[in-house]
Amino acid sequence: MRTARRVLWSSTIDTLDEYVRRRGGAGLEVARRADPEWLISTLEASGLRGRGGAGFPTGRKWRTMVENRSTLEPTTVVVNGAEGEPGTFKDRSIIRRCPYHVIEGAIIAALAVDADHIVFGMKKSFAREVTRMRSAVEEVVAAGWADRISFEVFEGPDEYLYGEETALLETIDGRYPFPRLAPPFRRGLERVSRRHAGAAPRTGLSSRVQLAGPQEFLTAPPALVDNVETLANVPRIMARGANWFRTLGTEQSPGTIVCTVTGASRRHGVGEVMMGTSLRKVIQMIGGGARRGHRIKAVLPGVANGIIPEDLLDTPVAYETMQAIGSGVGSGGFIVLDDTVDMVALSAGVSRFLGVESCGQCQPCKLTGLALSEDLRTISHSDAGDHHLEQAKARAGNVADRARCYLAHQHQVVLQSILSRYGQEFDDHVAGRIGPVEPYLIAELVDIVDGKAVVDERFAEKQPDWSYDESSTGKNPADRLGQNRFGEWSFRP
Ligand SMILES: Cc1cc2nc3c(=O)[nH]c(=O)nc-3n(C[C@H](O)[C@H](O)[C@H](O)COP(=O)(O)O)c2cc1C
Ligand code: SF4
């Protein structure tokens, strides 16, 4: 069994010169000579799908940007490097080994959609990757790769929602990471959209963006948001062609995917595999399979898709096949669960993560989400009656009501999948046949060191109001709507 080598380089590329010696820059050369229509059709023909989680066709997204460009202001390219999905560490791994193909892909995107500004949306706490990206951008600029384009490496907060693309734009614009009610394409950064009107920077609400009138729609430029791994694929597609890209992967999910394996596997790590490789093989190749003396019980593909029980591990990792079993590829982060894992404790951990990270703009998502996580904690403590379980099922059914963004749907999808597949364990806790267990810690990854994932343990102290105080104020994070961050959006002390 071999891993693939398209976007996760086998060794670290330290300088732009070294990158060029390894044929880096060839995609940009082709792109400079081509017209935007050729770039977009090539990307469409390649079938590349976004690796940030949703698997949306990247070429189609670029075309939508061009079709909805502003007549007055250029588009902006935003590279989503927020990487907050629990169990995922692939974007940081890609940047650590080679930031240059991410930058090259972003420049090609800028040429295709006629953008003059590229923002790398990263997290302040990703100090190592931020430093690496900054120096790589300086080298690229000094080498004259992008004379007409300006660059910004933005250091955002640790909040999970910061990675949601409209919240990412909000944060870069100077507000809190609260999702917008989104149009099908993204209207972009206020700095740009207000410039032509000579207006002062807006100090207000994300709702103003959502309520932007027809006039602003014509003038405000779109922002193209693509994930780090998505863009890392672009240079070679341009240099070698769409058909080359399709030589690996499946018809509907061409190419490779960079996966992270953590949890109850022998080792933790990141590796690139062909799309269509079975999940069992992915876990074997990257994680070495189950720990000695244990068997795999299930796999959790992050907190956005349904749980995958052991009997479905032979499913190919591809968008269409994972969807067919009621799950999804997500961002390729697979948390292995073995026979020691209590599924009620797992569901309580997932529910706490999503309840706490919810911003509270939609009441069911925050209030029902937190109440659901409390129900599940009570059940995991074997301190519950039948009504707790009935209540939890009902809450899982309406946590996503009137939700503005996908986070609430994630809560519903993941919880309902665990409840339906492992209902017996919930019944056993309620009946006292299983003793009390503490909720499983589900949180973002800080690093993977010597084959061992470092999970953000401080998340255990994070309050629903996003503070790290001893108790929560009871307020929603979204109660800050209307305030600007001015540097104080980092909620961690
Ligand atoms: C709650 C939430 C968190 C997300 N976090 C990330 C993230 O950390 N990184 C990312 O690339 N996409 C994240 N996404 C997906 C983005 O909204 C968006 O779909 C993606 O950046 C688009 O890029 P792609 O088409 O290249 O995948 C998140 C989505 C949601 C709903
Ligand atoms: S669905 Fe949840 S996370 Fe998304 S905007 Fe509404 S409250 Fe915030």
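**Ligand sites and strand pairing**

Please note at the outset that this is a predicted model. Around ligand 1 there are 18 residues, and those that come nearest are Gly-52, Lys-61, Asn-80, Asn-227 and Thr-230.

Let me describe the polar contacts to ligand 1. A polar backbone atom of Gly-52 is 2.7 Å from an oxygen atom of the ligand. Asn-80 approaches through its side chain, with a polar atom 2.9 Å from an oxygen atom of ligand 1. Glu-165, by contrast, is placed with a backbone N or O atom 3.0 Å from an oxygen atom of ligand 1. How much of ligand 1 does the protein bury? Taken alone, ligand 1 exposes 620 Å², and the protein buries 90% of that.

As to its location, ligand 1 sits in the largest pocket. The shell around ligand 1 comprises four nonpolar, eight polar and six charged residues. Strand E4, residues 223-227, gives the most to this shell, contributing three residues.

I turn now to ligand 2. This ligand is surrounded by 13 residues, of which the closest are Cys-359, Gly-360, Cys-362, Cys-365 and Cys-405. Ligand 2 sits in the second largest cavity. By class, its shell holds nine nonpolar residues, three polar residues and one charged residue.

Let us proceed to the strands. In general, the strands of a sheet pair through backbone hydrogen bonds, in either a parallel or an antiparallel sense.

In this model, five strands form an open sheet of mixed pairing, in the order E6-E5-E9-E7-E8. Which strands lie at the edges? They are E6, residues 269-274, and E8, residues 308-309, each of which pairs on one side only. Strand E5, residues 256-263, pairs with E6 in the antiparallel sense, over six bridges. Within these strands, Val-258 stands opposite Glu-272 of E6.

Strand E10 spans residues 445-449 and strand E11 residues 452-455, and the two pair in the antiparallel sense over four bridges. Val-449 has Lys-452 in E11 as its bridge partner.

Thank you for your attention.

Note on methods. Residues are numbered from 1 along each chain as its sequence is written. Chains are lettered from A and ligands numbered from 1 in the order in which they are written. This is a predicted model: local features need pLDDT of at least 70, side-chain atom pairs count only at pLDDT 80 or more; totals for chains, interfaces and linings use all residues. Side-chain values use heavy atoms; hydrogens and water are left out. A residue is near a molecule or strand if one of its heavy atoms lies within 4 Å of it. A polar contact is a pair of N or O atoms within 3.5 Å; within protein, one must be able to donate a hydrogen and the other to accept it, and residues adjacent in sequence count only if both atoms are side-chain atoms. Accessible areas come from the Shrake-Rupley method with a 1.4 Å probe; for residues, only the protein chains shown count as cover. On a 1 Å grid over the protein atoms alone, a cavity is a set of points where a 1.4 Å probe fits but cannot get out, and a pocket is an open set with protein on both sides within 12 Å along at least five of seven lines; lining residues have an atom within 4 Å of a point. A molecule sits in a cavity or pocket if more than half of its atoms lie within 2 Å of its grid points. Ala, Val, Leu, Ile, Met, Phe, Trp, Tyr, Cys and Pro count as nonpolar, Asp, Glu, Lys and Arg as charged, and the others, Gly among them, as polar. Two strands pair if DSSP finds at least two bridges between them.
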